[in-house]
Amino acid sequence: MELPKGRKALRNKWVYRLKNEENNPRSRYKARLAVKGFNQKKGIDFEEVFSPVVKMSSIRVVLGLATGLDLEIEQLYVKIIFLHGDLEEEIYMEQPEGFEFTGKENLVCQLQKSLYGLKQAPRQWYKKFDSLMARHDFKKTLTNHCVFVKKYDGGDFIILLLYVDDMIIVGHDPNKISALKKAVNKSFAVKDLGSPKKMLGVKIT
């Protein structure tokens with residue numbers, strides 16, 4: 001579209017890297033389009049940017065609870081999380097290198113979804129995930145908004161811990177945990193890591 005008068009289009013860049021995964025001798029080539037968000041202006045391109053993460057103390061408490069009660073523990077990893085957030089502001093970006101429209105290089109992209117590099121990207125991802133948890137009757141704890149709990153009749157419960165794109169699910173019933181994983185996978189691109197081995201640099205055995 002044409003850039004509206006008085007607005008400035010954000011620049012962007014391609015970020016390339018080789019990613020080495022555990023138990024996979026071959027490296028993966030990754031390309032990511034990132035917006036140069038340091039040029040964003042508060043009140044125009046963004047408002048709030050704060051996004052909560054689960055506290056390490058909460059992780060220790062929940063894992064200790066799981067050990068004491070012999071609960072099931074599963075780990076999920078959400079891919080490309082910052083691309084899921086819905087933008088609330090009007091943000092314009094220059095056409096990415098290699099994807100310019102011939103003869104229309106003067107046009108810009110109006111973003112509907114967040115991209116890596118935007119200041120509000122983490123916040124918009126959290127709001128998207130929080131709304132999903134609310135639809136499935138999970139409640140946030142008062143002391144940590146990245147600890148989601150759902151209680152069932154008979155004293156059964158599920159706890160989900162969220163740290164940006166990493167989550168741990170703890171509960172009694174494997175079927176309920178499986179249903180939750182399917183619900184998350186239906187909304188986002190998810191990698192099921194099974195029984196957790198590490199989170200935030202902490203080994204889990």
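Predicted model: local features only at pLDDT ≥ 70, side-chain atom pairs only at ≥ 80, totals over all residues.
Visitor: How many helices and strands does the chain have, and what makes a segment count as one?

Guide: There are 3 helices and 12 strands in the chain. Helices (H or I, at least four residues) and strands (E, at least two) are DSSP runs, numbered from the N terminus. The C-alpha trace spans about 65 × 40 × 30 Å along its principal axes.

Visitor: Why is glutamate 74 called buried?

Guide: Buried means under 20% relative accessible area, exposed over 50%, and partly exposed in between, with a 1.4 Å probe and protein chains only. Glutamate 74 has a relative accessible area of 17%, and therefore counts as buried. Glutamate 74 belongs to strand β3, residues 72–78. Across the chain of 205 residues, 39% count as buried.

Visitor: How do you know that a polar contact joins the side chains of glutamate 74 and lysine 181?

Guide: A polar contact is a pair of N or O atoms within 3.5 Å; within protein, one must be able to donate a hydrogen and the other to accept it, and residues adjacent in sequence count only if both atoms are side-chain atoms. The side chains of glutamate 74 and lysine 181 are joined at 3.3 Å, so the term applies. In the wider sense of contact (heavy atoms within 4.5 Å), glutamate 74 touches several residues beyond four places in sequence, including Met167, Ile169, Asp192 and Pro196.

Visitor: What makes β3 and β9 a pair?

Guide: Two strands pair if DSSP finds at least two bridges between them. β3 and β9 have 6 bridges in the antiparallel sense, and therefore pair. Isoleucine 73, for instance, has valine 170 in β9 as its bridge partner. Strand β8 (residues 157–163) is likewise antiparallel to β9, with 6 bridges; isoleucine 158 has glycine 171 as its partner, and leucine 162 stands opposite methionine 167.

Visitor: Why are β6 and β10 called edge strands?

Guide: The open sheet has 6 strands in the order β6-β7-β8-β9-β3-β10, with antiparallel pairing. β6 (139–140) and β10 each pair on one side only, and are the edge strands.

Visitor: How do you know that strand β9 is mostly covered?

Guide: In β9 (residues 166–171), 6 of its 6 residues are buried. Asp166, Ile168 and Val170 lie on one side, with Met167, Ile169 and Gly171 on the other, and both faces are covered.

Visitor: What is remarked about the phi of valine 164, and why is this residue called partly exposed?

Guide: Most residues other than glycine have a negative phi. Valine 164, in the loop between β8 and β9, has a positive phi near 55°. Its relative accessible area is 29%, so valine 164 is partly exposed. Aspartate 70 also has a positive phi, of about 55°, and lies in the loop between α1 (56–69) and β3. With a relative accessible area of 69%, aspartate 70 is therefore exposed.

Visitor: What makes a space a pocket, and what volume does the largest pocket have?

Guide: On a 1 Å grid over the protein atoms alone, a cavity is a set of points where a 1.4 Å probe fits but cannot get out, whereas a pocket is an open set with protein on both sides within 12 Å along at least five of seven lines. Grid points are joined across faces, edges and corners, and a volume is the space filled by probe spheres set on the points. The largest pocket has a volume of about 980 Å³. The largest share of the lining, 5 residues, comes from β2.

How values were computed. Residues numbered from 1 in each chain as written. Heavy atoms only, no water. 1 Å grid on protein atoms, 1.4 Å probe; cavity = no way out; pocket = protein on both sides within 12 Å on 5 of 7 lines; lining within 4 Å.
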